[in-house]
Each structure stands twice: as structure tokens, then as C-alpha cells.
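This briefing concerns the structure shown below. Please read its points alongside the sequence and the coordinates.

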Amino acid sequence: MTDVAQAIRDTARRLLADGRVDVVIGFEAGTLPLRSSPCFVRDAGDTDRLVWNMTCENNLARYLPRVEEKAGIVAKGCDARSIVGLLTEGRLERERVYVIGVPCQGILDRRSIERRLAGKEIVQAQEGETEVLVRGEGFEVALSKEEHLHASCRACRSRNPVIYDTLVGDPVAEGDGADEYADVREFEAKPAAERWAYFLAQTSRCIRCYACRNACPLCYCRTCFTDVTQPQWLGRTTDPTDTLVFHIARALHVAGRCVDCGACDRACPLGVDVRKLTRKMEKDVEKFFHHKAGMSLDEPLPLATYSLDDPEDFVQ
Amino acid sequence: MAFLCHWCSYAGADLAGTSRLQYPPNTRTIRVPCSGRVDPLFIIRSLLHGADGVLVAGCHPGDCHYLEGNYLARRRFALLKSILEYVGVEEGRVQFAWVSAAEAGKFAQVIAEVTESVRALGPGQRLIKSKAKETL
Amino acid sequence: MTPLRVPKQQVAGLLTALLDQYQVIAPVEEEGLVTFGRLGSPEEAVLDYRNARVSPKGLLFPQAEVLLTYNLASERAELQEAPQQQERQVVFGIRPCDARSFVLLDRVFEGNAWHDGYYLSRRRNTTVVALACPRPGLACFCASVGGGPFSTEGSDLLLTDLGQEYLLEVVTDKGAALTEAWSEYGEAGEDSLRRKAELQQGAEAALAGRVEIDGIDRRLKGMWDDVFWERLHEKCLGCGVCTYLCPTCHCFDIVDEGSDRQGQRLRLWDSCMFPLFTRQASGHNPRPTGKERWRQRLMHKFCYSVDSYGEVGCVGCGRCVVNCPVNLDLRHVLNEICSDRTHQGT
């Protein structure tokens with residue numbers, strides 16, 4: 001079985017040494033247990049710091065529009081779809097990007113682990129084949145990786161990158177076709193008042209730090225609608241209407257483009273259920289317009305096109 | 001609030017007026033060049049600023065003066081309506097209609113129906129901002 | 001005043017007595033996260049926690065605050081200033097780093113010719129009961145920035161968890177006033193004080209040497225054009241997590257919201273990490289990229305703060321470290337600056 005981390009390092013070294021790219025965007029070891037951190041490697045001799053494991057939770061495609069050099073990028077299945085999105089939207093030139101595709105088994109949900117440990121701090125963590133061994137003051141627990149997979153990974157149907165210049169690692173089995181949107185359907189079935197209460201509770205935790213937005217590769221507007229003051233679409237207070245409208249409008253803006261990588265959800269420091277709205281949009285786009293974001297460079301963006309048969313039962 | 005496209009629904013509204021058709025006076029109209037001009041944020045902002053309901057009316061599919069605007073709008077509005085209802089905004093606060101320049105009667109009817117259904121929902125509360133709350 | 005002992009079973013009674021007279025804000029749990037909340041009943045308080053996810057600065061400096069309201073409906077324009085805080089509150093069970101942050105915020109909001117009435121009315125009506133920190137977190141570094149796990153700076157009373165009981169020490173007259181009603185707690189004996197000293201020693205040893213900041217202000221002054229800044233900011237997302245969770249970050253924006261008839265003037269948290277923070281009306285932005293913004297953040301907290309207030313503007317709570325979505329670790333940045341011989345400063 002391929003040592004994916006080593007393959008990434010070897011590929012990066014080769015790309016930098018050959019001058020094929022000026023920088024490789026990947027992950028390096030984090031400074032805390034169960035963390036890794038995006039890194040920008042420019043020296044072929046520096047590639048040993050690149051890592052690959054289930055803590056590689058950021059969507060690195062987020063850095064691509066900003067980086068002006070020729071860039072190699074480590075891309076999980078979801079990240080690769082984001083790259084397709086950025087290419088389709090004209091934010092990148094294909095020649096400038098070298099995609100190091102990594103078939104992905106999923107990313108750990110740190111919040112799920114935090115909940116499991118009831119707030120006890122992890123001092124040391126070791127990732128194994130199927131388990132993560134975590135140690136802290138007075139405890140040592142082996143946690144099932146499967147059990148603490150991030151929700152977006154559980155729902156993922158594109159673990160193998162759809163675009164790549166080189167693929168490191170063996171292809172992985174895709175998720176089965178079982179109801180991909182079970183989470184959304186379950187929520188849709190609740191009465192409106194209950195859904196409203198849920199969103200009020202979620203947005204009351206939101207501190208408008210915009211970590212969710214900034215972690216997203218598709219949120220690249222120079223001036224986000226939240227910062228436009230003429231006209232002012234929404235306020236910047238913590239009133240639920242302001243916060244909720246931010247999340248609703250952001251979900252609308254990424255509708256048809258969001259690949260549900262989950263980076264937004266993992267970036268949130270307060271555990272706001274950011275994906276609740278984006279998942280709904282993802283399901284609607286698939287149901288109404290038969291489109292799945294980022295699967296192919298040949299497909300037009302769903303909101304930049306139309307079909308004569310689009311649903312219009314809601315129009316008088 | 002009613003966002004009416006200049007070429008079809010606004011003209012239809014005009015015709016309703018010149019034909020002296022009666023309809024409820026509760027609508028504040030904004031003329032836009034095309035229903036495709038209507039950004040979902042217009043609708044959301046209307047609700048935030050106290051509109052109890054919002055209507056967007058455009059040309060019938062195939063008749064758009066700019067050829068495709070209403071098709072693009074149709075996709076956008078499908079998602080907007082879906083997400084607002086998902087969040088818990090009452091179904092029926094935001095409505096859409098195709099009204100041509102000749103359909104004075106339809107315009108009056110749509111306004112009457114939308115006004116009644118929004119009235120039945122009561123004043124919009126859920127997206128009305130209260131004073132800025134302190135964090136605790 | 002001699003320290004008192006409060007057996008753990010009696011803490012609920014102590015909180016009940018406080019709730020009778022004050023608003024009590026304490027760590028509470030909300031869906032698996034510890035934050036600060038207004039206590040409805042003593043049972044809601046969580047006292048065996050490491051630290052709350054958010055800082056308590058929102059208690060004195062709310063994220064969104066109405067400064068005044070205006071109403072132009074009648075003939076005369078009516079301006080009404082928001083009422084200042086009258087209610088007395090007790091902040092119960094915050095950590096010494098957070099208590100110390102209040103002192104640093106005081107320097108900003110009261111430390112010069114301009115006194116911020118909005119902040120100060122809350123501050124003056126707040127009594128702080130801090131809870132000492134015998135088991136510092138992995139990312140904590142309070143002792144490296146002038147604080148300590150048992151520091152009393154910023155608190156009026158200090159509690160120490162001794163196992164079966166709390167040691168209660170009075171720090172200020174304000175704290176003494178709070179204890180006047182508590183006649184039922186006995187004086188702490190020598191063994192309690194000894195136990196506290198042990199815990200303190202252990203905590204301070206655990207925190208020793210975590211972050212190097214010796215001469216950081218001087219070093220930063222000499223680094224303005226250093227190539228160090230080119231790469232530091234690259235992974236930063238430019239979000240507001242570090243600044244909003246930070247107990248001492250205090251930048252704000254003042255905006256008006258409303259119509260031409262009526263509205264409010266608000267003070268809102270703002271973040272120097274946001275790209276538009278320094279964009280001027282002309283469109284010019286003196287801090288156009290993350291490089292300038294990260295440089296500014298470090299300079300503000302570790303250089304300008306020393307120039308203005310004599311201390312670094314950081315209490316070492318570690319929230320920015322733990323919660324940064326890309327694990328951009330301030331501790332490593334500080335260590336790198338202070339360990340590199342090229343950054344000798346001026």
C-alpha cells in the first residue's frame with residue numbers, strides 16, 4: 001500500500017526541483033494534537049515537512065486564487081472539485097496549477113472527539129490504522145476513526161479526485177449510493193417552528209468571525225456582500241436576523257458551487273452548524289437542476305444557465 | 001413589496017390601472033428592467049425592513065425582453081424560496097408570478113391573492129430586527 | 001483579610017446568596033461548549049473547566065452595543081443616549097488570564113484623557129471572582145506574558161479549588177464587600193494554604209518557559225522590513241477568530257443603522273485581520289495584504305502596547321492558538337522572533 005505522505009513529499013520534491021512549480025501547497029504537522037496546518041513549500045530540500053493524515057482538514061484550494069506563482073496543490077476528493085469550480089469560474093488558469101490528487105478516506109471531526117471526551121484536553125494523539133489513540137490527564141482512549149469521521153466525509157461521494165495531474169495513493173472505494181441527503185430530509189420533515197428555533201439557537205452562537213466564509217475556496221469576492229454598505233444588505237450586529245441572513249445569503253451564493261468539503265464547518269470556533277443551509281442548497285441544486293458541483297470542467301454553472309424544463313410549480 | 005419587470009409585469013400593472021381594475025392598495029412597487037435583475041438580497045432586505053410579503057413578477061418563460069433573464073431568475077427564485085421556507089419563514093411570504101403586458105386581469109388577481117395570503121400569515125416577525133442585543 | 005474555606009457542597013448556597021443581589025455571570029455549558037452565561041440558578045455554573053471558548057470581554061465590551069438612538073419623526077430630532085449599565089454584576093469563576101485581561105482593557109478604555117463611559121459603567125458595576133488555574137491547558141502561556149495561573153491581577157476575590165473545598169481569598173475592598181454577607185464560611189487553616197501553594201507551584205512549573213518574549217518590542221521595532229513578514233501570513237485566512245476570541249483585542253467600528261426616520265448608532269467589534277479594516281474613504285488601504293495586517297497585529301500587541309501601556313497586550317490564554325482554523329500558532333511566531341539572533345532590534 002502506498003505511503004501517501006512519502007509519495008506527496010517525493011512528488012513535491014520533483015516538482016520543485018524541476019521548476020515545474022514555484023510552490024507546493026500542502027500540509028505540515030500542526031502544533032497541537034490532532035492538528036495539521038497548511039504550508040507553502042518553495043524549496044525542494046524542504047519537502048520533508050509535508051504530511052498527510054486524517055487531520056488535514058483545510059481545503060487548500062482556498063489559497064489558489066491568491067497565489068500568483070505556479071502552484072502544486074495537495075487536493076483531496078472534495079478539494080479537487082473545488083479546483084474544478086475555480087477553473088470553471090475563471091479564477092485560475094489550468095496551466096498554473098499542478099494538482100497532486102489524493103484519494104481520501106475522510107477527515108476527523110475534532111468537535112465530535114471533543115464531545116466524546118467531555119471537554120478533557122488531549123495532550124497527545126497517535127493516528128493508527130483504524131483508531132486514534134488519545135492521551136490526556138488521567139485518560140487514554142482509543143477512538144474509532146470511523147465513528148469520528150466528519151459529517152461531510154460521511155456523505156461524500158467523490159473521495160477520489162476528479163481532476164489531477166498526478167494521483168498519489170491507491171483509489172478508495174466511493175461511498176454507497178444510499179440516501180446521500182438523509183440529514184437534510186430529516187430536518188425538512190420537522191415543523192417550521194422547530195426549524196426556526198434551531199436556526200435561532202445556532203445563530204446565537206455565531207460571532208461573525210467569518211472563519212466559515214474565509215475557509216471556503218468559493219468565497220473569493222473582493223468585497224463580500226456583508227461588507228457592502230451602499231446599500232447595506234444586513235447589519236453586523238449579533239442580532240439573529242443579521243447573523244441568520246449572513247448564513248442564508250452565503251448559502252445562496254455558494255449554491256451550485258459548494259462541494260460540501262466541510263472546511264467551513266470545521267473552521268467555526270463555536271460549533272455553529274454551518275452546513276445545515278449549504279447542504280439544503282446542494283440537495284436542491286441536484287434535485288431541481290440535476291447538477292453536482294465541481295464534477296466536470298465541461299458543465300456550465302447551474303445558476304449561469306437554465307433549462308426549459310426547470311421547475312416552476314412555485315410560480316403563479 | 002412587488003418587483004415588477006418593466007417590459008411585462010409592470011406594463012401589465014399599468015394596463016390594470018388604465019383599465020380601472022380594482023386591487024388591494026397594500027403593494028409598494030419597484031420597477032426593474034427584468035425579473036433577472038432581482039437579486040435574492042432585494043427580497044431578503046425587503047423582509048428585514050418590514051415587508052410582510054414580497055412578490056416578484058416577470059415575463060412568461062420564452063417572452064423575456066432580454067431573452068433569458070427570467071429563466072435565470074426562475075432558477076434563483078426556486079432556491080431562494082426553498083431556503084427561506086427551510087429556515088422557517090412562513091410559506092407564502094415570498095411569491096412569484098409570470099404576468100405579461102396584456103394580462104391586466106391576471107395582475108389584479110395575483111395582487112389580490114398575494115395580499116390575502118400574506119394577510120392571513122399575519123405581520124412578518126421572523127426577519128424583523130430588534131435592537132442590537134448585547135452579547136449576554 | 002484571612003482566607004476563607006468554602007466546602008464544595010456550599011458553593012450553591014454562595015451562588016444563591018449572590019443571585020439575590022446581583023446578576024451573576026459564570027461559565028456555563030451550551031451544547032458541549034463552555035461559554036459565559038447569566039446564571040438562572042447555581043446548578044448551571046460549571047467550575048471544573050479548563051477555559052471558556054469565548055473570552056469574557058463581551059461582558060464589559062459587548063460585541064454589539066447601542067450608543068444612541070435617533071428619531072426624526074417629530075418636529076425636533078430626538079437623540080437618546082443609551083442608558084449606562086446600572087445593574088451590579090458578579091463575574092464568577094473566570095480564570096486569572098481573563099481577569100487580568102480586564103486590567104489591560106482598563107488601560108485602553110480609561111488609561112488616557114478619554115474615558116469610555118460605556119465600558120466603565122459596566123466595569124465599575126462588576127465584581128470579579130476569579131478561579132485559580134492548577135492545571136493549565138496545553139496552549140496556555142500566561143506566565144510568559146506577565147501573568148500567572150494564580151495571579152490576582154484584575155480580580156476582586158480569588159478562589160482556589162483544593163479538592164473538597166475552595167480557598168477564598170480577598171484581593172480588593174470591592175471583593176471584601178462581597179464577602180460581608182458570608183459569615184458562615186470558616187477561616188482557612190495552614191494546610192489549606194499549603195495545599196494552595198503546592199498547586200500554584202505545580203501550575204507555574206508546568207508553564208515555565210513556554211514562550212519567549214524577552215525584548216520583543218525592541219526586536220519588532222527593528223523588523224519592519226524583515227523578510228519574516230513575507231511568509232508568516234500566507235496560511236492566515238484573514239478571519240476574525242483570533243481577534244474575536246482574544247480577551248484583550250478591543251478594536252471596534254461605529255456604524256449607524258436605520259432609516260432616515262429613526263435608527264441607532266452602534267459600536268461593533270471589528271478586526272484588524274479583516275481586509276477592509278483600514279480601507280479609507282478614498283479606497284486606499286494602507287494594509288492591503290495579510291502581510292501588513294499580520295505585522296500590525298504583532299506590533300500592536302507586542303510593541304505598541306508596551307510603548308503605550310508598559311506591557312504586552314496579551315494574557316497568554318491560548319484561545320487564538322487552539323481555535324485558529326489553520327493552526328497558525330502565535331507562540332511559535334513569538335519564539336521565532338525572539339530566538340533569531342538577526343532580530344536584535346533597535
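The model is predicted. Chain A comprises ten helices and nine strands, and its radius of gyration of 20 Å is close to the 20 Å given by the globule rule for 316 residues, so chain A is as compact as a globular protein of that length. Chain B comprises four helices and four strands; its radius of gyration is 15 Å, close to the 14 Å that the globule rule gives for 136 residues, so chain B is likewise as compact as a globular protein of that length.

**Secondary structure**
- In chain A, nine strands accompany ten helices.

**Overall dimensions**
- The C-alpha trace of chain A extends over about 65 × 50 × 40 Å along its principal axes.
- For chain B, the C-alpha atoms occupy a box of roughly 55 × 30 × 20 Å, again taken along the principal axes.

**Burial**
- Of the 316 residues in chain A, 47% are buried.
- In chain B, 53% of the 136 residues count as buried.

**Contacts within each chain**
- Among the contacts in chain A with a separation of 6 or more, 68% involve residues 24 or more positions apart.
- In chain B, 80% of the contacts between residues at least 6 apart in sequence join residues at least 24 apart.

Methods
Residues are numbered from 1 along each chain as its sequence is written. Chains are lettered from A and ligands numbered from 1 in the order in which they are written. This is a predicted model: local features need pLDDT of at least 70, side-chain atom pairs count only at pLDDT 80 or more; totals for chains, interfaces and linings use all residues. Helices (H or I, at least four residues) and strands (E, at least two) are DSSP runs, numbered from the N terminus. The radius of gyration is taken over C-alpha atoms; the globule rule is 2.2 Å times the number of residues to the power 0.38. A residue is buried if 20 or more other C-beta atoms lie within 10 Å of its own, exposed if 12 or fewer, and partly exposed in between; C-beta atoms are placed from the backbone. Two residues are in contact if their C-beta atoms, placed from the backbone, lie within 7 Å.
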